[in-house]
Amino acid sequence: MLLLDLHLSTATALAIKANLSLPWAQLRKLRRWLKSFSKQLESESSIYSFIAKRLPQYSVESVPLVRKSGEICESTMVFFPNFTDIVMHYLDILDSNGRLTWHGGAIPDTEVWVKLGGDHGGGTLKLCMQIGNVMHANALSNTIPICIFVEKDSPANLETALAMYREQVTDLMGKQWQGKKIVLYLFGDYEFQTVMYGLSGSSGVRPCLHCLCTKRAMQSPLAHHSDTDSTERTLATLSSDHTGFTQAGSLLAKAKLHHNVIRTAILPMPISNAVIPVLHLDLGVFPWIFDAFEHEVRQLDIKLAAQSDATGGDHSSFAELAGANQALETCKAALVDATAAATLVQQHLQFVALFGQQQNTNMEALAGNLQLGITQALAEVERLETRRQALEGDIQKPS
């Protein structure tokens with residue numbers, strides 16, 4: 001049989017695992033299946049040794065990180081300490097295998113694009129690197145983790161993990177590879193990007209990463225925007241705004257006076273090189289459109305109920321349902337605002353606790369009050385949702 005004549009070397013076993021995206025458990029199943037044909041697949045220890053001999057030097061350290069509960073504790077972080085060497089080494093490997101491409105001129109032939117970003121999933125935060133000059137640059141097989149730890153992507157944790165790369169990023173942006181300029185881009189969801197550049201987040205008065213447009217101005221046509229709304233953010237303006245914020249006492253309530261910049265940028269990458277997260281925006285916009293449609297339909301129900309009451313019809317249950325729907329939406333909106341505010345305060349508390357910055361004594365009390373407000377709002381949402389479902393059941397019962 002052909003299968004019996006196959007020679008599965010350690011390199012081949014690793015290629016099977018990588019190209020088929022097999023976890024170790026699935027590879028063990030494959031090993032047992034091959035053993036039934038008297039064919040031996042290399043052991044996991046052999047594969048680990050094979051990888052270790054070819055991987056650049058990596059480090060494993062215990063560092064103080066913030067857990068989801070808010071507790072600061074020692075956690076394990078695995079990372080490549082020399083990001084610059086990783087980039088250069090990987091570009092050499094891609095070049096030697098003929099995998100580099102400039103996508104028909106989409107990337108200037110004088111440049112090499114390197115993407116740096118992160119994502120939290122499966123309980124771990126993975127900070128990764130991608131080379132833009134390959135086919136399917138966003139594919140899992142073209143994504144290289146450079147730092148991993150089992151905690152959330154809070155501002156304090158990202159500062160801890162990425163501070164060591166700050167000087168290296170500056171150095172890399174001034175380097176060349178085989179005479180081609182290295183251009184760095186930042187990728188990740190919008191929350192990740194705003195944290196990376198020190199903004200208070202999407203709940204702020206000026207939530208846009210790229211300009212100073214206010215949330216209210218975003219709801220109006222461009223012709224109605226002020227000159228300030230159209231002002232672009234840069235690393236220099238971020239630094240100036242943060243200086244003003246700290247000199248004013250680092251009060252979150254005053255963040256809007258400093259364009260919602262409450263921390264320094266973690267990595268000195270130009271804001272113009274932050275990749276707009278189109279997929280994440282779509283995933284947010286489409287549910288918003290559906291919710292808006294559902295809201296308009298419920299408003300129509302309210303109008304119909306009002307007309308029925310005006311003609312003397314007995315539609316008290318229907319009118320009560322419309323009122324419950326309206327109260328539920330108002331309560332949910334308040335819950336979203338309260339949750340965003342509480343999260344911001346808690347993250348700020350964690351950040352100043354971890355890095356020893358001066359802390360406002362009222363912050364902890366404010367965080368406690370906000371958390372109490374969230375608990376009360378959740379209870380009210382649950383009560384209104386139960387009432388709405390009961391009213392819908394009454395209306396749908398045959399008379």
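What follows is a short chat about the sheet, the salt bridges and a surface patch in a predicted model.

Student: What is the strand order in the open sheet?

Tutor: In this predicted model, the open sheet has seven strands in the order E1-E2-E5-E4-E3-E7-E6, and the pairing is mixed. Strands E1 (59-66) and E6 (176-177) stand at the edges with a single partner strand each, so one side of each has no neighbour in the sheet.

Student: And how do E1 and E2 pair?

Tutor: E1 pairs with strand E2 (residues 72-79) in the antiparallel sense, over eight bridges, and Leu65 has Cys73 in E2 as its bridge partner.

Student: Which strands does helix H5 touch?

Tutor: Helix H5 (residues 83-96) packs on the sheet and touches E3, E4, E5, E6 and E7, with its direction at about 50° to that of E4. Helix H7 (residues 166-173) also packs on the sheet, where it touches E3 and E7, and its direction makes about 140° with that of E7.

Student: Switching topic, how many salt bridges are there in the whole structure?

Tutor: A search finds three; one of them joins Glu44 and Arg28, whose closest N and O atoms are 2.5 Å apart. Glu44 lies in helix H4 and Arg28 in helix H3, so this pair ties together parts that are 16 residues apart in sequence.

Student: Is Glu44 buried or exposed?

Tutor: Glu44 counts as buried, because its relative accessibility is 17%, which is under the 20% cut-off, whereas Arg28 is partly exposed at 36%.

Student: Last one: where is Trp288?

Tutor: Trp288 is in helix H11 (residues 278-310), is exposed with a relative accessible area of 57%, and belongs to a nonpolar surface patch of about 720 Å² whose members include Ile276, Leu281 and Phe286.

Note on methods:
Residues are numbered from 1 along each chain as its sequence is written. This is a predicted model: local features need pLDDT of at least 70, side-chain atom pairs count only at pLDDT 80 or more; totals for chains, interfaces and linings use all residues. Side-chain values use heavy atoms; hydrogens and water are left out. Patches are made of residues with over 30% relative accessible area and no salt bridge: like charges are joined within 9 Å, nonpolar side chains (Val, Leu, Ile, Met, Phe, Trp, Tyr) within 5 Å. Accessible areas come from the Shrake-Rupley method with a 1.4 Å probe; for residues, only the protein chains shown count as cover. A salt bridge is a side-chain nitrogen of Lys or Arg within 4 Å of a carboxyl oxygen of Asp or Glu. Helices (H or I, at least four residues) and strands (E, at least two) are DSSP runs, numbered from the N terminus. Buried means under 20% relative accessible area, exposed over 50%, partly exposed in between (1.4 Å probe, protein chains only). Two strands pair if DSSP finds at least two bridges between them. Contact means heavy atoms within 4.5 Å. Axes are lines fitted to C-alpha atoms, for helices over the stretch in contact, and angles run from 0 to 180 degrees between N-to-C directions.
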